[in-house]
Amino acid sequence: MNLKRHSFEECNQEMGICGISDSREQLPLKKPIEIYFFIDPLCHDCWTIEPIIKKFQIEYGHYFKVRILLAGKLSYWNAFNRSLKKKSKQETQLDPTMCCAGKVELNKMDINPYNAYIAVKAAELQGPRAGLRFLRKLREALFLRKCNVTDEAILKQCSREAGLDVDVFLDDLHSATATKALQCDIQTTSEMDVESVPSLVFFNGNSEEAGIKISGHYPYHIYVQLLEDMLGFTPERASHPNLEAFLCHYGFLATSEIATVLDKSPEEVERSLKSLMLQQKVEAVPFKYGTFWKWIA
């Protein structure tokens, strides 16, 4: 498929993210690869892929920038809702990539997906990092606390937890600017023929070749191999941050998330985290299918 790069400037969609390692003196200043990451905030698979994407950004984010787009089309919502009804509780339990509070039965909530989509775009108007923080808090509210994240009161709470200017967020929630930004995402989703989430489209800024699209959830080495193929050489992996720096930077992470990113076993991570807990640097926050750790130092 001939995927063409889309201009995002008019929608202010710059979402460049990189890792938090400082050992980058020999790494390229200009990022040659651009990745469009299509998600649905209400999609469980988009939540469980987060540790893989975080690891990818930390280890190789010096070679690419990521633009997050909402694949907000009714067909996606309908497909997701049908698949959700088919998923068993056991499948949720066995998902090793990201813990949750159990099966989230969106079909039993009074859900309006558009409210969640527009809220993410409203948050992004306060800056790309603010948008990412809000998206994370929204998904924590949904998958950890089973909140109806399309309810304005919950969205307001998420904006507060993300450190946004809440009054500005509430104004932007009903603004033409946020609506235009969401329309831009929907248009790009259609132009790139994205039919499922999560999907990533890789472009090489130094090449006229078409982009490469990968949809679904794959083992980590697949993304690294694709990056290598796009670059035409073996990329240099950045060193991992230490556990304290990593948790301090993100503030609230799952055991499985930390283990994935830092290439450690969950048991090894938990031992280190319990040591930090004795030093009163972290606090354990247990959920039905795993534990999160909150940085409090």
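Reader: Which residue forms a salt bridge with Asp263, and how far apart are the closest N and O atoms?

Author: Side chains of opposite charge can pair when their charged atoms come close. Here Asp263 forms a salt bridge (a side-chain nitrogen of Lys or Arg within 4 Å of a carboxyl oxygen of Asp or Glu) with Arg237, with 3.8 Å between the closest N and O atoms. Asp263 lies in the loop between α12 and α13 (266-278), whereas Arg237, 26 residues away, lies in the loop between α10 (220-231) and α11 (243-250); helices (H or I, at least four residues) and strands (E, at least two) are DSSP runs, numbered from the N terminus. This is a predicted model, in which local features need pLDDT of at least 70 and side-chain atom pairs count only at pLDDT 80 or more, while totals for chains, interfaces and linings use all residues. Residues are numbered from 1 along each chain as its sequence is written, and side-chain values use heavy atoms, with hydrogens and water left out.

Reader: How many salt bridges are in the whole structure, and which residues are joined into one network?

Author: The search finds 17. One of them joins Arg139 and Glu50 at 2.8 Å, N to O, linking helix α6 (residues 128-143) to helix α2 across 89 residues, and both of these residues are buried. Arg136 meets Glu257, also in a salt bridge, with the closest N and O atoms 2.8 Å apart, and this pair links helix α6 to helix α12 across 121 residues; Arg136 and Glu257 are both buried. Through shared partners, Glu50, Lys54, Arg136, Lys137, Arg139, Glu140 and Glu257 form one network.

Reader: How do α2 and α12 pack, and at what angle?

Author: Two packed helices are described by the angle between their axes and the distance between the axes. Helix α2 (residues 50-60) and helix α12 (residues 255-262) pack at about 35 degrees with axes 9 Å apart, where axes are lines fitted to C-alpha atoms, for helices over the stretch in contact, and angles run from 0 to 180 degrees between N-to-C directions.

Conventions: Buried < 20%, exposed > 50% of the residue type's maximum accessible area, 1.4 Å probe, protein only.
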